[in-house]
Amino acid sequence: SPGAIGYRVYYGRSSNTYVQAAGSGISTGSSTSYVVTGLQSKTLYYFALTAVDAAGNESIFSNEVSKLTP
């Protein structure tokens with residue numbers, strides 16, 4: 001994302017309902033890849049990302065993706 005200096009990961013077990021409160025996602029720093037650990041097996045999770053700029057402004061959520069853990 002242009003102007004982004006960092007990213008945040010949000011996830012939860014229901015669509016558009018994340019464990020992290022808005023503004024409190026898991027920071028990935030400037031990395032565009034991140035491995036979320038501690039998830040329950042055989043569980044469907046939903047994920048979304050935000051971009052953060054130098055002033056700390058956070059974008060809206062990205063398109064959501066889902067993944068069933070092994």
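Start by selecting Gly-6 and Val-52: Gly-6 stands opposite Val-52, which belongs to strand β3. Before going on, note what you have open. This is a predicted model, so local features need pLDDT of at least 70 and side-chain atom pairs count only at pLDDT 80 or more, while totals for chains, interfaces and linings use all residues. Residues are numbered from 1 along each chain as its sequence is written, and side-chain values use heavy atoms, with hydrogens and water left out.

**Stop 1: the whole chain**

Show the chain as a cartoon. The secondary structure comes to zero helices and four strands. Helices (H or I, at least four residues) and strands (E, at least two) are DSSP runs, numbered from the N terminus. From the N terminus on, the elements read β-β-β-β.

Now switch to the C-alpha trace. Along its principal axes it spans about 40 × 20 × 15 Å. The chain has a radius of gyration of 12 Å; a compact globule of 70 residues would have one near 11 Å, so the two agree. This radius is taken over C-alpha atoms, and the globule rule is 2.2 Å times the number of residues to the power 0.38.

**Stop 2: the sheet**

Select the four strands together. They form an open sheet in the order β2-β1-β3-β4, with antiparallel pairing. Two strands pair if DSSP finds at least two bridges between them. Strands of a sheet pair through backbone hydrogen bonds, either parallel or antiparallel. Which strands are at the edges? They are β2 and β4, and each pairs on one side only. Turn the view along the sheet. On average, neighbouring strands are turned by 30° against each other, direction ignored. Here axes are lines fitted to C-alpha atoms, for helices over the stretch in contact, and angles run from 0 to 180 degrees between N-to-C directions.

**Stop 3: strand β1**

Select residues 4-12. This is strand β1, and seven of its nine residues are buried. Buried means under 20% relative accessible area, exposed over 50%, and partly exposed in between (1.4 Å probe, protein chains only). In the chain as a whole, buried residues make up 30% of the 70 residues.

Eight bridges join β1 to β3, and the two run antiparallel.

Select Tyr-7: its bridge partner in β2 is Gly-29. Then pick Arg-8, which stands opposite Ser-27 in β2. In a regular strand the side chains alternate between the two faces of the sheet.

**Stop 4: the aromatic rings**

Show the rings of Phe, Tyr and Trp. Rings (for Trp, the six-membered ring) pair if their centres lie within 6.5 Å; planes under 30 degrees apart count as stacked, over 60 as edge-to-face and the rest as tilted. The count comes to six aromatic pairs. One of them is Tyr-10 with Phe-61, an edge-to-face pair at 4.9 Å centre to centre and 90° between the planes. Why does this pair tie together parts that are 51 residues apart in sequence? Because Tyr-10 lies in strand β1 and Phe-61 in the loop between β3 and β4.

Are these two residues buried or exposed? Tyr-10 counts as buried, at 0% relative accessibility. Phe-61 is partly exposed, at 38%.

Tyr-18 lies in the loop between β1 and β2, so the pair ties together parts that are 43 residues apart in sequence. Tyr-18 is buried too, at 14% relative accessibility. Ring pairs link Tyr-10, Tyr-18 and Phe-61 into a cluster.

**Stop 5: two loop residues**

Select Ser-24, in the loop between β1 and β2. Ser-24 counts as partly exposed, at 46% relative accessibility. Draw a distance to Tyr-10: the C-alpha atoms are 8.4 Å apart, and the residues are 14 apart along the chain.

Then go to Asn-63, in the loop between β3 and β4 (65-68). With 71% relative accessibility, Asn-63 counts as exposed. Draw a C-alpha to C-alpha distance to Ala-48: 6.3 Å in space, for 15 residues in sequence.

**Last stop: contacts**

Look at the chain once more. Among contacts between residues at least 6 apart in sequence, 53% join residues at least 24 apart. Contact means heavy atoms within 4.5 Å.
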